[in-house]
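Hi everyone, thanks for making time today. I'd like to walk you through a structure that may be new to you, so let's bring it up on the screen.

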Amino acid sequence: MKFLLQRMTLTDRLVVLVLLLAGLGGSVWVAAAPPGRRVVVSDGIHVLFSAPLDVPRQVDLAGPLGATRLVIGADGARITASPCALKACMGMGPAHRPGDLLACLPNRILVEIEGEHEASVPYDLLSR
Amino acid sequence: MPFQRPIVLLLLGLLLAAGWWRLRPEPGPLQETRLLMGTTVTIEADGLPRDRLTVAAAAAFAEIARIEALMSSHLPGSDVARLSAATGEAVVAPETAAVIARGLEVAARSGGAFDLTLGQLKELWGIEGEAPHIPTAGEIAAALAGTGPEALTVTGTLVRKRAPRLAVDLGGIAKGYAADRALAVLRKHGVTSAAVNAGGDIALLGSKQGRPWRIGVQHPRRAGEVLTTVAAIDRAVVTSGDYQRYFERGGRRYHHLFDPQSGYPADRCQGVTVIAPEAMLADALATALFVLGPERGLELLRGYPEVDALIVAADGRLHATPALAGALPEPP
């Protein structure tokens, strides 16, 4: 190592130092930063739509009964319109935590929030 | 000898790659959700490499789909649909017969509070369908004719109906059985830690990363809030509530858990959570307790020492078996 250092110019040493710091810093950042939460919509098998949870938008999702409207806003993702009879999916409110689910069974629409689970949530599963 | 830049940079790159590999987040447990048995089914599994977990979860979902094909009352050709259509008797799969026999046992021990023969009544109300409505008293009486714990008898794989028009409904037990079977499949694939959540019917395998699973119990009147949290290992946790599937008319809530005596939605509880060794039993007992109410429900559980329950009565008061008394939240 000493031999190598003797052979390196000041610029070489600076380049190596910068690369080392940038690389290690990047690795720590990748490890520490939680992945962004995403809204993933499927029909239970195939993914129909996917988007970041932090970008507001509105989308109509086609199911066998018609269009289910999904709105992504400040409070999370929620279903605001559905062609199903009971509208239970609209009554589920917003989903925002990783693992939260919204489902319209008649229209075969399943909305999931994906991302790292929050350590602050006091339970692993919800019995309801 | 000049400074060997390419070699040093290559070594540096390898060093950084190794560092990133060590620091990158470990993939967590596998978690997948499917729409099955008229609800969302989520499987969480851990303890094996990801590719083996994926194979195990796929097999577990396939097992649930197989049970749905046998026991759904809505799928033509299912054992249950054939039995309901039969005028007298039908031969069913051995496991369908076993589930019916288990259901009849709970029905008898609960004095008919759990009932597998309410298919016509549920169809009449249509609460899980497109057009729910309040039937007339005459329609309800007709739908209840011939129902009850003695309305079915099981001999081997032969199921006999007491009344020709009797419609069988395993909605109060089949989901639990499916969760148990899915867990058995995961175990067979070598999974050591798993949870199968079939629309709130939860079957647990082992612990979660060395500690008990923490199961939040939905507050029956505050959407999105948890009433309490219970800890469990190798158990099943099932909740039945009047907030799951319902419609409202004239300020009154009409939900999907029927009192077999009256033919109307049971009104003694808001929610019941049962913890049992298996989800099939927990599923059936949750419905039975919901119909019976807190006092008679807890009395029934004296005959099931391995089972615990948390009951929210219609007036909002909490009742629990002794082992769960510590899980009761403080009164406001």
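Which residues in the largest nonpolar core touch the most other members? They are B:Val196, B:Val274, B:Ala282, B:Leu285 and B:Leu289, out of 97 residues in that core. The largest share of the core comes from helix H8 of chain B, which gives 12 residues. Please keep in mind that this is a predicted model.

Let's stay with B:Leu289 for a moment. Leaving aside neighbours within four places in sequence, B:Leu289 is in contact with B:Val272, B:Val274, B:Gly297, B:Leu300, B:Ala309 and B:Ile311. There is also a second, separate core of 18 residues, which includes A:Ile72, A:Ala77, A:Cys89 and A:Val111.

Is H8 of chain B mostly covered or mostly open? Mostly covered: 14 of its 14 residues are buried. At 1.5 Å a residue, the 14 residues of H8(B) should span 20 Å, and the end C-alpha atoms are 20 Å apart, so the two agree. Just after H8(B), B:Gly293 takes a positive phi of about 90 degrees.

What does H8 lie across? Helix H8, residues 279–292 of chain B, lies across strands S7 (201–205), S10 (236–241), S13 and S14 of chain B. The helix runs at about 155 degrees to S13(B). Helix H9 of chain B, residues 294–301, packs on the sheet as well, where it touches S14 and S15 of chain B. The direction of H9 makes about 175 degrees with that of S14(B).

So let's look at the sheet. Chain B has an open sheet of eight strands, in the order S1-S2-S6-S7-S10-S13-S14-S15, with antiparallel pairing. At the edges are S1 (30–36) and S15 (318–320) of chain B, each of which pairs on one side only. From one strand to the next, the twist averages 10 degrees.

The C-alpha trace of chain B spans about 105 × 50 × 40 Å along its principal axes. Of the 332 residues in chain B, 46% are buried. Among contacts in chain B with a separation of 6 or more, 58% are between residues 24 or more positions apart.

Now over to chain A. What is the order of its elements from the N terminus on? The elements of chain A run α-α-β-β-β-β-β-β-β-β, with two helices and eight strands. Buried residues make up 22% of the 128 residues here in chain A. For contacts in chain A between residues at least 6 apart in sequence, 34% join residues at least 24 apart.

S1(A) pairs with S7 (residues 109–114) of chain A in the antiparallel sense, over five bridges, and A:Arg38 stands opposite A:Glu114 in S7(A). S1(A) also pairs with S2 (residues 47–52) of chain A, again antiparallel and over five bridges. There, the bridge partner of A:Val40 is A:Ser50. The hairpin of S1(A) and S2(A) has four residues between the strands, and A:Gly44 takes a positive phi near 100 degrees in it.

Further along, S3 (residues 57–63) and S4 (residues 66–73) of chain A pair in the antiparallel sense over seven bridges. They form a hairpin with two residues between them, and A:Val59 has A:Leu70 in S4(A) as its bridge partner.

Last topic: confidence. The model scores ipTM 0.82 and pTM 0.81. Chain B has a mean pLDDT of 90, and 92% of its residues reach 70 or more. Where in chain B is confidence lowest, and where is it highest? The lowest is in helix H1 (residues 5–23) of chain B, at a mean of 64, and the highest is in helix H4 (residues 94–109) of chain B, at 98. Where pLDDT is low, the predicted coordinates should not be read in detail.

Terms used. Residues numbered from 1 in each chain as written. Chains lettered and ligands numbered in written order. Predicted model: local features only at pLDDT ≥ 70, side-chain atom pairs only at ≥ 80, totals over all residues. Pairing = 2+ DSSP bridges. Axes fitted to C-alpha atoms, helices over the stretch in contact; angles between N-to-C directions. Contact = placed C-beta atoms within 7 Å. Buried ≥ 20, exposed ≤ 12 C-beta atoms within 10 Å, placed from the backbone. Core = buried A, V, L, I, M, F, W, Y, C linked by C-beta atoms within 7 Å. Expected span 1.5 Å × (residues − 1). pLDDT = per-residue confidence, 0-100.
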